[in-house]
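Take a moment with the sequence and the model. The paragraphs below walk through them one region at a time.

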Amino acid sequence: MIRPVPYVDLPGIIYALDRRARMRQRALANFVCWLEPVEHRASWPPLLRNIFPLDPVARTWLCEDRWRILGFAQVRERPSGTMWELTYLASMLQSAFSGEDILTALLDYVLEMAASHGVLRVFARVEESLPELELFARSGFQRYTREFTYVWGWEEENEAAVPGEEEVNASPKTRQPSPGLILSPTPAERLQELASLQRWSRHHVWGLHQLYRAATPQRVQMAELLENSEEYARLLVGSQRSGLLPLGRRCETYVCDVGVRLGAWLQLRRGRGTRPHQLSLIVHPEYADLAEPLVRFACQRLLESDRRPIYCQVREYEGAVINALRASGFAPKTTRVLLVRHMAYLAVRQRVVPALEQRVIYGVKGLGTANSRQTMR
């Protein structure tokens, strides 16, 4: 039986427990879709989120048999209200049922709910090496690009590594970075290279959308259908209103305004607790030389007060950003395939020349039921 679970972020709780279990060579569930720690967008600080594990913007469904959890799925609504993103999809291990059957039933149910709520597109991100990609293909999902996750961090960030007792007890500020990391020792010189760098403001909304169109291939634009600049700004930057408490304001957004257009967009999100920092960057193809100084500026900005790993998610067609990350010491961690399921297509009415359109002519003697094209010869 599949039933909804209102508001409680059950998938996030199980995912956190599963990560801890895997450190001890055990596992609780088989996750096909999941959110990285940096991908959570909570509207309140972690202290309140730990006390009240609620997520009012998500829809969660639970597959169970006689009160035993078999699997679960969760989607989040995008700002447009007509698109969903599949954030969690998993089947529990040590179950009497097939994991593939559970995942298939949950995915089909999500698509059924999307159709009943008037959703036009459902997006998903699946790790490229997982065999469950075939399951999405059978459900009608189409692949439109890949996304790489690069990490600037420490050796214990490796998923297979098990941290020791001293490393667990060490605070993020006292941890030592690995020797392979590269940082600029003179941030002031980097700022001189970024004379056009300025804080994000609302009048940059249209320019940000034009930057997206210039840096994104046409096939990706057709898949995502982000034609409204305000909608794209809400999806990328988020709401301009701060969180419930001053502790929630840990995000900085910058743009490089080169006059006629935006040359780059940069967002920094500082980590809290065990969460790492996050770096997001889009660079115009004509200003690719801005990528490396922006990455180095971002690293200096994030690490000046709190030393912890930095995550950056970049798509495969953003070559300038990928080269800048590698030059700054970032290492690839995961590769995920971006998928989209079209729930509805735009119906295009076929237009023909009126003189050649088949019709019945009335009021003309002898031509009451004749085809008009036959009478024009």
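Start with a pair of helices. The axes of helix 7 and helix 9 come within 9 Å and cross at roughly 85 degrees. Angles from 65 to 115 degrees count as roughly perpendicular, so helix 7 is roughly perpendicular to helix 9. This is a predicted model, so keep that in mind throughout.

Which residues meet at this crossing? Helix 7 brings Val-205, Trp-206, Leu-208, His-209 and Tyr-212. Helix 9 answers with Ser-229, Glu-230, Tyr-232, Ala-233 and Leu-236. By type, the residues of this contact divide into 7 nonpolar, 2 polar and 1 charged.

Stay with helix 7, which spans residues 205-215. Its buried residues are Val-205, Gly-207, Leu-208, His-209, Leu-211, Tyr-212 and Ala-215. What covers them? The cover includes helix 8 (218-224), helix 9 (229-236), strand 10 and strand 11. An α-helix has 3.6 residues a turn, so residues three or four places apart point the same way.

Now step back to the whole protein. The protein has 12 helices and 13 strands. Of its 377 residues, 44% count as buried. Look also at how contacts span the sequence. Among contacts between residues at least 6 apart in sequence, 70% join residues at least 24 apart.

The largest nonpolar core has 30 residues. Those with the most contacts inside this core are Leu-266, Leu-279, Leu-281, Leu-294, Ile-310, Leu-325 and Phe-330. Several elements each supply at least two residues of the core. Among them are strand 7 (142-152), strand 9 (251-257), strand 10 (262-269) and strand 11 (277-283). Strand 12 (310-315), helix 10 and helix 11 are also on that list. Which element gives the largest share of this core? Helix 10 does, with 8 residues.

Return to helix 10, residues 291-303, and its partner helix 11, residues 319-327. Their axes come within 8 Å and cross at roughly 50 degrees. That angle makes helix 10 oblique to helix 11. The crossing is right-handed. On the helix 10 side, the contact uses Ala-291, Glu-292, Val-295 and Arg-296. On the helix 11 side, it uses Ala-320, Val-321, Ala-324, Leu-325 and Ala-327. These residues divide into 7 nonpolar, no polar and 2 charged.

Finish with two loop residues. Leu-35 lies in the loop between strand 2 (29-33) and helix 2 (46-51). Is Leu-35 buried or exposed? Leu-35 counts as buried, because its relative accessibility is 5% and the cut-off for buried is under 20%. Leu-35 and Leu-86 are 51 residues apart along the chain, with their C-alpha atoms separated by 9.6 Å.

Gly-259 sits in the loop between strand 9 and strand 10. Its relative accessibility is 62%. Exposed means over 50%, so Gly-259 counts as exposed. Gly-259 and Ser-196 are 63 residues apart in sequence, and 8.7 Å apart in space from C-alpha to C-alpha.

Definitions and conventions. Residues numbered from 1 in each chain as written. Predicted model: local features only at pLDDT ≥ 70, side-chain atom pairs only at ≥ 80, totals over all residues. Heavy atoms only, no water. Axes fitted to C-alpha atoms, helices over the stretch in contact; angles between N-to-C directions. Helix = DSSP H or I, 4+ residues; strand = E, 2+ residues; numbered from the N terminus. Parallel < 35°, antiparallel > 145°, perpendicular 65-115°, else oblique. Left-handed = near helix turned anticlockwise from the far one by under 90°. Contact = heavy atoms within 4.5 Å. Nonpolar A, V, L, I, M, F, W, Y, C, P; charged D, E, K, R; others polar. Core = buried A, V, L, I, M, F, W, Y, C linked by side-chain atoms within 4.5 Å. Buried < 20%, exposed > 50% of the residue type's maximum accessible area, 1.4 Å probe, protein only.
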